[in-house]
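Student: I have a model open and want to learn how to read its features. Where do I start?

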Amino acid sequence: MKNKINKKRGAQRLALLMSLLLLQGTWAWAGDPQSAMQETVDRVMDILTDPALAGDEFWQERRDRVAKAVAERFDFAEMARLSLAKAWNERNEAERERFVSLFKELLKNTYVERLKTYSDGSYEVIFDKVLVRGKKALVSSMVMQQGREIAASYKMYQRGNEWFVYDVVIEGVSLVSNYRSQFAGVIQQEGYEALVRRLEEKVSETVEAQPDAPGLS
Amino acid sequence: MSPSLFLKIALLTLVLFGGPMAGAGQAAADDLEALLDDDFDSTEQMIYDPLEPVNRAFFVFNDRLYFWLLKPVGKVYSAVLADEAVRGCISAAFHNMAAPVRVVNTLLQGKFRQSGTEVARFAINTVLGAGGLGDPAAAEFGLKKADEDLGQTLGFYGVGEGFYICWPLLGPSSARDSVGGAGDYFLNPRTYLLAGDFRTSAGLSALKTENAVSLNGHEYENLVRQAFDPYIAMRNVYYQHRRSLIAAAKGATDQYGAGDSHDQLVRRSCLDYNDVVSFDNLIRARRYQKCLEQKGGRVSVSRQRRQARLIYRVLLDHNAADLPHFAQVTNFEE
């Protein structure tokens, strides 16, 4: 009798373990957002500190490679859409495409350029926390540079079996939210066309600020 | 959940997301509709700014002040004190001197451990760090620097921002944070040490400002240069940052509340242990919750909490793959 109960328990335990293993297998297949983000950050760090590309004369090359690595993880189109928020729904397909390409260019020019100061490798990135809820995740990291700590979080979503960034939060300040408030202000005051004009100006401004930059392509 | 049901779900997921690109894109797009009202985003509330015209005028005034006076002076200052580390030390000394502000505010928020940290930091950095010029408390003792002020304390107790104010010279603030700032002024020892000496006091304030400009001025310039409307950009940055500080302060103490669902509890305990939480862990916690539900009301709330905490310790101490151990701890067989 006792033996029978033990057998039953054993079978239960086996079923439980199998279902848990199966469960784990399913989620492993989906990939996890933290390693995805870490991989991108590592790649960017490697490019920036690559001894073969050191020096200002190779900055152009490094910048293009970084931009490429970042573009694979960041969904700029989604960021553009979220930044435009309500106004996005009122735009037609061509307008949306134009806006996304301008927004992409703007982020590339402003933020990749700022990474230049990180080329000396005097910083460290530590991923400390990740929260996953369904198909969305919040990946937190700490950037340490010269005794200063800057909290940088990435909001990500899952598409297929890949994770993409749709917002960056630095010290509690969300990039998308900040752009959203500004875009809404400009649209309310001057209209959507004015916003596009201002975007075009900004993009050409940032390019002019870097005389060695290629065109707007 | 039976394994067969799982297989079905797995297959369904495959069909939905592993299919042709067009299908995957469509499914993802539908899901992304939900991103606007984002789970993690609590800063999209309205900002009340009835004084906008006046605020804008002061913003322009501050901006001119920065580019015409503070920045040129800052250049000279940086040239004299070329070593950024030295300027960092000056900034640290000002921070150290204001320790009473942080001690009082952590006490007011009931964060006694943090108050202790602030007292210890002040003692260590004043004695071993040459009056606060260095930060051995962080470097040698692992006591990290933090920022606390009365505005945060008021926010911690649910006081809203009120309206936005851009003060001349002082910059962005809110009605609440301005009241807090006035209170903090009286908590700062500088106020009393230099009570009768206006010139020294003003000189110190100027030094503090110039030092901050030399260290962080480029951040302000970047913000202004990149902005489409620098005024809105600055206002948004200020509110987002303040709200995140207050949210963090609330999250740190508001734990294991009585009315919490198991889900919240689990999330809090994850945050508490400052550990990496994978989806697998959450799934397991859900299974555990199911198990508890099946038992009906026979398990007390405090026991559930204990279990939730225990489960995480075990999961994190032992590798998450250590399943038999996990099953044992969660009392699946009880």
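Predicted model: local features only at pLDDT ≥ 70, side-chain atom pairs only at ≥ 80, totals over all residues.

Student: Which residues of the largest nonpolar core touch the most other members?

Tutor: First the idea. A nonpolar core is a set of buried Ala, Val, Leu, Ile, Met, Phe, Trp, Tyr and Cys residues joined through side-chain atoms within 4.5 Å. Buried means under 20% relative accessible area, exposed over 50%, partly exposed in between (1.4 Å probe, protein chains only). Here the largest core has 54 residues, and A:M37, A:F74, A:M79, A:F99 and A:Y154 touch the most other members. Helix α6 of chain A, residues 93-114, gives the most to this core: seven residues. Helices (H or I, at least four residues) and strands (E, at least two) are DSSP runs, numbered from the N terminus. A second, separate core has 14 residues, including B:F59 and B:Y231.

Student: What does A:M79 contact beyond its neighbours within four places in sequence?

Tutor: Contact means heavy atoms within 4.5 Å. The partners of A:M79 include A:F74, A:F103, A:Y166 and A:L175.

Student: How many aromatic pairs are there over all chains?

Tutor: Rings of Phe, Tyr and Trp (its six-membered ring) pair if their centres lie within 6.5 Å. The structure holds 21 such pairs. One cluster links A:F99, A:F103, A:Y179, A:F183, A:Y192 and B:F228.

Student: Which charge lies over the face of B:F228?

Tutor: A charge sits over a ring if NZ of Lys or CZ of Arg is within 6 Å of the ring centre and within 35 degrees of the ring normal. A:K202 lies over B:F228, at 5.8 Å from the ring centre. In chain A, A:R159 lies over A:F164, at 4.4 Å.

Student: In what order do the strands of the chain A sheet run?

Tutor: Two strands pair if DSSP finds at least two bridges between them. In chain A, five strands form an open sheet, β1-β2-β3-β4-β5, with antiparallel pairing. The edge strands are β1 (123-133) and β5, each pairing on one side only. β4(A) and β5(A) pair over two bridges, and A:V169 stands opposite A:S174.

Student: What do β1 and β2 of chain B form?

Tutor: A hairpin, with three residues between them. Four bridges join the antiparallel strands, residues 164-167 and 171-174. B:Y164 has B:S174 as its bridge partner. B:L169 in the turn has a positive phi of about 70°. Chain B as a whole has 16 helices and two strands, and 40% of its 334 residues count as buried.

Student: Where is A:A85, and is it buried or exposed?

Tutor: Most residues other than glycine have a negative phi. A:A85 has a positive phi, near 50°. A:A85 is in the loop between α4 (76-84) and α5 (86-89) of chain A. At 14% relative accessibility, A:A85 counts as buried.

Student: What is the phi of A:E171?

Tutor: Positive, about 50°, although A:E171 is not a glycine. A:E171 lies in the loop between β4 (162-170) and β5 (173-174) of chain A. With a relative accessible area of 32%, A:E171 is partly exposed.

Technical notes:
Residues numbered from 1 in each chain as written. Chains lettered and ligands numbered in written order. Heavy atoms only, no water. Phe/Tyr/Trp six-rings, centres within 6.5 Å; stacked < 30°, edge-to-face > 60°.
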